[in-house]
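Have a look at the model first, then work through the steps.

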Amino acid sequence: MSTTTITEAEAPTTAAAGAPTVHELLQEKLAQAKLGGSEKNRKKIVDSGKLLVRDRLALLFDDNEYIEDGLLARFEDGLPGDAVVIAFGRVDGRQVCVIANDFSVKAGTWGNRTFEKITAAQEKSNAAGIPLVYLFDSAGARIDEQFESFAGRHAWGNIFYNQVQISGRVPQICALFGPSPAGSAYVPALCDMTIMVRGHATAYLGSPRLAEMVTGEKVTLEEMGGAEMHCTVSGLGDVLVEDDAEAIAAIRVWLSFLPANWEQPAPVAPALDPRPGRTLEEIVPLREAEVFDMEEFVESLVDEGSWFPYKELFAPEMLTGFARIGGRPVGLVGNQPKHMGGSIFPDSSDKAARFIWICNAYNIPILFLVDIAGYMIGSAVERQGIIRHGAKMIFAVSECRVPRITILVRKAYGGGYLAMSGAPMNPDAVIALPTARPALMGPDAAVNGIYYNQIHEIADPEERQKFIMEKHNEYAEGIDVFKIANANAVEAVVPANDLRADLMVRLDLYGRRKTVPVERRQAVTPA
């Protein structure tokens, strides 16, 4: 059987002489599509201090190498990619899927091809078991395309449905570079992690103009849904950054702590010593009334430069974040005495519960750093639902199946001790420092409860105060870490400066056991 070679000059072509070939035409269309919207729109974005969508991707992906799906979707309609870029590439060598709005194309709004591209990318990410990153900068759904994209079974709402199905299977992280209004605001709310750029990112269900029309309220866009408000007040934002480049850097750091999916172990990095500074023994005061900074304690315990706070500006009385000890990723949940004495409030309970769920989903062991007088009390917090919110944290701790190590740093009183993974919550270990003071309640509350009538029968103020102090000191002397050690209520009492070495052994040991979730269809979590 013979073969005939056809040269390029002899090959049939439909192009007229001098016209571009189909290959040249493709390259031209691809280049135009990658530019996004008009030059005027692109310039406006850059002049506002933001990056264009592909400049963000260049910072995120290793060596700026990635492939795209649907680049030419609606190109002939003047809407390249239908205002969304779907990209697959590597971050620190691991495959990641990115869904990124192109604000230069019709303000990044969602059209009928947009949701098709987004939902297809979500399904591919889930099937491949790779993290999903949303780079959001969108004016929301297009009203003029609602009849094709809103009410049917294949519609914008599929995006949120998919997020919930994927939740806990692969990490989902969202960076907000600009607006995310109305329904699209649920994308960051349904992600594991949300980063917001100060002065640019906004999220709201109804705009200030709509709010004024409906309620008569006059409010600025920043007050309604700005990045700073969401990171300090509402709790929607987890990390507040100053610009697009810092947001991308934060994404890379967050992903470095997590496995690609729920079935894989968390990645281990080279071990580093803690940062130079005071020792743990020097940091923790002996006197209960003396305040110290739990974040300094963390920085002196973990590998240098590895501490990455989560919701740092929201409910600061509760410290949460990722770090490494001996190269191993850990989640840290700690009381912060610098803020409200480290007591648990409704918001801090929600904050801790969500972070515990994230760690449990992605195989990250958790260290609880306990210095707590208990849940906050008073009519204000009761009206805010402290019991309901507090139950959420206890629920999260109790259903957690990754290794948990509880460190009694100082006081550990009442229900707060339970919420912070006390011994009855079945952690892998409870480690007490010599400064630990576990008890049902602190000396002040105990003396008031036990001797209330006697105190009020003493008429002389000086005698009354003397009696209170005597009983206070008697009770305080009875709170002894060696008593609980004698009762085998803790696994060990460890010198503060030996804690890191102890934890490194325990993390290796407990990380070897099999993780088995509770068998049931659905837990009924507190509201």
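The biggest contributor to the lining of the largest pocket is H14, with five residues. (Helices, H or I of at least four residues, and strands, E of at least two, are DSSP runs numbered from the N terminus.) We're working with a predicted model, where local features need pLDDT of at least 70, side-chain atom pairs count only at pLDDT 80 or more, and totals for chains, interfaces and linings use all residues. Residues are numbered from 1 along each chain as its sequence is written, and side-chain values use heavy atoms, leaving out hydrogens and water.

**Exercise 1.** Work out why the largest pocket lies between domain 1 and domain 2.

*Solution.* 
- Start with the lining: 42 residues, with Gly168, Trp357, Asn360, Ala361 and Tyr362 nearest the centre. (A pocket is an open set of 1 Å grid points where a 1.4 Å probe fits, with protein on both sides within 12 Å along at least five of seven lines; lining residues have an atom within 4 Å of a point.)
- Next, the elements giving two or more residues include H6 (157-166) and H22 (499-510).
- Domain 1 (36-257) and domain 2 (280-442 + 479-511) both contribute to the lining, so the pocket sits between them. (The bounds come from an automatic or database domain assignment.)

**Exercise 2.** Describe the second largest pocket.

*Solution.* 
- It holds about 780 Å³ of space, the volume being that filled by probe spheres set on points joined across faces, edges and corners.
- Of its 36 lining residues, Glu288, Ala373, Lys411, Tyr413 and Pro443 are closest to the centre.
- Strand E14 (404-413) and helix H20 (461-478) are among the elements that each supply at least two lining residues.
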